[in-house]
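Please read them beside the model.

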Amino acid sequence: MLLDMIEIRGLTKRYGHQTVVDDLSFTVEPGHVTGFLGPNGAGKSTTMKMILGLAAPTSGSVTVGGRRYSGLPVPLTEVGALLDAGAVHGSRKAYDHLLALAVSNGLPKRRVGEVLARTGLEGVAGKRTCGFSLGMRQRLGIAATLLGDPRVLIFDEPVNGLDPEGIRWIRDFMRSLAREGRAVLVSSHLMSEMALTADHLVVIGKGRLIADTGMTAFMRSRGEGTVLVRAAEPAVFSRHLTAAGATVRDGLEASIVVSGMASAEIGKLAAYHGVALAELTPQQPSLEDAFMDLTEDSVEFQGAGA
Amino acid sequence: MTTIADTPKAAFHRTHRAEWIKLRSLRSTWYTLAGLFVAGLAVSALSMTSSANGYAGLSAAERLAWDPAGLSLVPYIIAQLIIGVLGTLVVTSEYATGLIQTSLAATPRRHRLLAAKAVLVAGVAVIAGEALMFASFFFGQAVLAAHDVPSAGLGDPGVFAAVAGGGLYLAAIALLATGLSVVLRSTAGALTTLVAVIFLAPALSATFPSWTRGLFDYWPTQGGAAVMATVPDPDFPHPWLNFGGMCLGVAALLAVAFVLFRRRDV
Ligand SMILES: Nc1ncnc2c1ncn2[C@@H]1O[C@H](COP(=O)(O)OP(=O)(O)OP(=O)(O)O)[C@@H](O)[C@H]1O
Ligand SMILES: [Mg+2]
C-alpha cells in the first residue's frame, strides 16, 4: 500500500530571490482524495511540477512510491497527471494524442479506446481537439492520465471554468478513483469544492504548509455554527433562550440567530414553552471564510517573519 | 498491467515511435513537406530555364565551368528554410501548446525524448531532402536537354555525390533548426535565427571582419554547401571537409541543446 504514496519532504523551490515553495512536507495516501488548497500563487502548480520532475527542487525531496519520478521506467503506469487541459496540439485528433502517449510507455493500443470510453469521448475520438469545449478538453486530459491505469493521480485545478454538470462529473470521478484505492491529489482554490470532493486537506499559503488535516477534523475545527430561528413571538422566545444559556442576536426579517446551543436543544426548549417554530436552521460558518482565515493568518505570519 | 522488457534500446524505440505518431498526425507536417517539393521544383523550373537561356551568351571559359548538376541543385536555397521549419515545429509546437509537460511526464528521461526527436527529424529530413534533390536533378537536366544545352547524367564524375550530398546538407540544416528550437523554445525565435544563419550572415559576409572568413568556409549556404558543385571550386578544394565542418558545428549546437534540455525547468 505504502508504495502508492507521494511523499514530499522539506521541498523548497526558489526562483531568483522569490521562495515559491518553502520547506513543504506532506504525503498523499492511497484510497483518499487529497485536496491541495491555496490562494493564487501559493505554489500548488510548482509543487506538482516538482512531483513530476518538470521543475527541479532547490532543496528537499519528492518521491512517488519511494522513487524519484525521473527514475520511473514506465511512469504512466504509476502516475497519471493533468496539469493543464489546454496543453494539447489543437490540430491533432484526440485518438492520436492518446495513442502517442500510450506508445511512448509501451501500453497496448486498446487502452486508448478504453480510456476514451471511460471519459465518454468515444464519439469525438477522430476529431481534432481545437474544436473541443473546455469540458471535453478536461476529459481528454483525464483520459490521458488513466492510460497506464496508474495508482497515483494528480490533477491541477481540474474544475476551473467548468459548468455545474462538468464539475459534478469530475467530482464523482475523483471519488471513484479514490474508491478504487488510488491516491488522488487535486488542487483548487475553492474550499467549498474541496469539501465535496476531498477527504484530506493540505492547505498552503505563500509556499508554506498551513494545514494538513482530515476533512472532518477541519470541518469540526472551524468553530461551532449558529442556528437561525423563526418563532411567532421572537422577543419572548429570545428571553427563554437567554435564560437557558444561549446567546441571541436579531437576524433578518424578524428571525433570531442563536449561538451556544444546538438546534435539537432549541427545538426541545420551544416545545417545553409551547412556542410554535416557523423555522429552525443550523448554519455553519462558510467554508470559504474558514479558508480565508487560515490563509490570511499565513500571510500575516509571513509578513511578521520577514 | 503489461510488463515491458526495458532495455535502453526498447525504451528508445517506444519514444521514437511515439514521436513519429505525433509528427505524422499533424497536417502541418504534410503541408510543410508538400511545400518543400512545390517550392523546390518551382525554383528548379525557373532557375533552369533562365540558365539554359543564358548558355548561348556564355564565353568559352564560362562554358568550361558549366555545372549542369550543381545548377539543378540550387533549389536547396529555398528548401533549407522549409525543411528547417519542419525541424523547428517538432520542438517548438510542444512549447507553444504546453504539450512538452505532458511529453516529459510520459518520458522523464529527457535525453531520450530529445534524441528520439533528433533522430526522427534526421530521418524524415534525409528522406525528404534526398527525394527533393534527386527530383530536382532529373527535372533540371530534362529542362536543359529540352533547350539543347549540355546536361549531366547521374553516372558522370562527381554527380551522384553532389546530388546525394544535397540531401545530406538539407538533413543537417533540419537538425540545426531543431537545436536552435530547443535552445530558444519559440518558433519565431528559432526561425528568425535560422534565417539569419542561412541567408543573412552569408549575404553580409563580405562586411564581416576578416578573421570570420575561416568560419564561412564551414557555414551553411557557403562552404557547407560546396558539396553540391561538380566543377571544382578553387575556394573549396575539399568540399566534403567543409561540409564535415558544418556538421560538427551542428553537432556542437545539439550538444548544447541536450545540456539545456536536461537542466531547465519546463
Ligand atoms: N518559472 C517561473 N519563474 C519565476 N517565477 C515563477 C515561475 N513559475 C511560477 N513562479 C511564481 O511562483 C509562484 C507560485 O506559482 P504557482 O503557479 O505554483 O502557484 P499556484 O498555487 O499554482 O497558483 P494558482 O492558483 O494561481 O494556479 C507565483 O508567484 C509565480 O509567479
Ligand atoms: Mg496553479
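1. The contact (heavy atoms within 4.5 Å) takes 37 residues from chain A and 30 residues from chain B. Chain A and chain B bury about 2,900 Å² between them, 58% of it on carbon and sulfur atoms; buried area is the accessible area (1.4 Å probe) that two parts lose on being put together, summed over both. On the side of chain A, A:Leu54, A:Arg92 and A:Val103 lose the most area to chain B, together 22% of what that side buries.

2. This is a predicted model, in which local features need pLDDT of at least 70 and side-chain atom pairs count only at pLDDT 80 or more, while totals for chains, interfaces and linings use all residues. Residues are numbered from 1 along each chain as its sequence is written, chains are lettered from A in the order in which they are written, and side-chain values use heavy atoms, with hydrogens and water left out.

3. One salt bridge is counted between chain A and chain B, a salt bridge being a side-chain nitrogen of Lys or Arg within 4 Å of a carboxyl oxygen of Asp or Glu. The side chains of A:Lys13 and B:Asp265 meet in a salt bridge, at 2.7 Å from N to O.

4. Which element gives the largest share of the side of chain A that touches chain B? That element is α2(A), with seven residues. Helices (H or I, at least four residues) and strands (E, at least two) are DSSP runs, numbered from the N terminus.

5. In chain B, helix α6 (residues 99–106) has seven of its eight residues buried, where buried means under 20% relative accessible area, exposed over 50% and partly exposed in between (1.4 Å probe, protein chains only). Among the buried residues of α6(B) are B:Leu99, B:Ile100 and B:Leu104. Their cover includes α1 (44–51) and α2 of chain A, together with α1, α5, α7 and α11 of chain B.

6. Across the whole structure, 18 salt bridges are found over all chains. A:Arg118 and A:Glu180 meet in one of 2.8 Å, N to O. This pair links distant parts of the chain, 62 residues apart: A:Arg118 is in helix α3 of chain A, and A:Glu180 is in the loop between α5 and β7 of chain A. A:Arg118 counts as partly exposed because its relative accessibility is 34%.

7. A:Arg171 also forms a salt bridge, with A:Glu193, the closest N and O atoms being 3.3 Å apart. Both A:Arg171 and A:Glu193 are buried.
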